[in-house]
Amino acid sequence: MDRGDLANLTAFVAVADQRSFRAAASRLGVTPSALSHSMRQLEERHGVRLLHRTTRSVSVTDAGLRLLERLRPAIEQIAGALEDLNQERQRPLGRLRIYATHLAAAAIIAPIWGRFLSAYPEVHLELAVGEAPIDIVAKGFDAGIGPHDRAPADMIAVRVMAPMKVAVVGAAVYFARRRPPRTPEDLARHSCVQYRRQADGDVGDVFAWPFERNRKSLQISVDGRVMVNDPDLAVRAAVDGLGIAYTIEALAEPFLRSGQLVRVLEDWSPSFEGLFLYYPGHRQVPATLRALIDMIRAARGSVPARSSRENPFMKD
């Protein structure tokens, strides 16, 4: 079908409904002469008269009536599809696909997804977790969440988590047996949950714990009977009383709130770079994605400027 046919067919339905070129032109926002030209084009292209017209009146031919009978449902379907698009622009609905690092999924999405889906019952949320950078557009995702360097230069990046405060934590049952550390050096007398950045990393890949206070910085190599390469597992080991863990405040917070974990060395705990949500830089941000961004920001409050310290729990 010629791309001009759809406009001409829409014009034909308007003229047939109004039985007047002037009234139909007013409804379509065009001039009567332009509308008359469109009808002549349509009739000449298909070699069929669709309208009887005189200077006083307009009526539909028998062929025009048959065409109108088949056109009207199609025009209504198109109008309905356009109205659905308009509704989607105005209110969140449909599927929202997010690709996030493990830390981003746990710290950003999981705390608000119940509230988000309750507030927007027509939304279906799909959350895919992965550490490898991917082309989110090619994979069909609406947005990604991770460190700032994951966002391609041609995408919009929105900060959704402030610099993340470190939490050094242990279980109450652990500290019932051992005096809590007062300085980072005291960790030498404790069992700590060691962290290796990569599962196949070498010995040098074991993470030394950074601390800072009053412009003094330290890196402490700790010892312990458990080593993991996942921040959630480090927290779980601490909850189970296996030692002191060095983690992100957002991951430890539920257990601190419940009393399962106790925080130590808070005055020595630095902050690491926060997280960003990134999406293709189109002018029209989908209403569903906009609603998610707004809810994340409302839940996390104001977002300070970025930290220069790289987050060690983000794997390359």
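Contact here means heavy atoms within 4.5 Å. Keep that in mind. One more thing before we start: this is a predicted model.

Let's begin with Ser 191. Where is Ser 191 placed? Ser 191 sits in the loop between helix 7, residues 172–177, and strand 8, residues 193–195. Is Ser 191 buried or exposed? Its relative accessibility is 15%, so Ser 191 counts as buried; the cut-off for buried is under 20%.

Who touches Ser 191? Set aside neighbours within four places in sequence. Then Ser 191 contacts Tyr 174, Arg 178, Asp 223, Gly 224, Arg 225, Leu 242, Gly 243 and Ile 244. Look at Leu 242 in that list. The Ser 191 side chain reaches the backbone oxygen of Leu 242 at 3.5 Å.

Next, Leu 251. Leu 251 belongs to helix 9, residues 249–258. At 8% relative accessibility, Leu 251 also counts as buried. Again, leave out neighbours within four places in sequence. Leu 251 then contacts Leu 103, Ala 106, Pro 231, Asp 232 and Val 235. Take Pro 231. Along the chain, Pro 231 and Leu 251 are 20 residues apart. Their C-alpha atoms are separated by 8.0 Å.

Now the cores. The largest nonpolar core has 61 residues. Which of them touch the most other members? They are Ile 145, Val 168, Leu 187, Trp 209, Phe 211, Leu 277 and Leu 292.

Last stop: Leu 292. Beyond four places in sequence, Leu 292 contacts Leu 96, Ile 98, Ile 109, Ile 112, Phe 116 and Leu 277. Thanks, that's my tour.

Terms used:
Residues are numbered from 1 along each chain as its sequence is written. This is a predicted model: local features need pLDDT of at least 70, side-chain atom pairs count only at pLDDT 80 or more; totals for chains, interfaces and linings use all residues. Side-chain values use heavy atoms; hydrogens and water are left out. Helices (H or I, at least four residues) and strands (E, at least two) are DSSP runs, numbered from the N terminus. Buried means under 20% relative accessible area, exposed over 50%, partly exposed in between (1.4 Å probe, protein chains only). A nonpolar core is a set of buried Ala, Val, Leu, Ile, Met, Phe, Trp, Tyr and Cys residues joined through side-chain atoms within 4.5 Å. A polar contact is a pair of N or O atoms within 3.5 Å; within protein, one must be able to donate a hydrogen and the other to accept it, and residues adjacent in sequence count only if both atoms are side-chain atoms.
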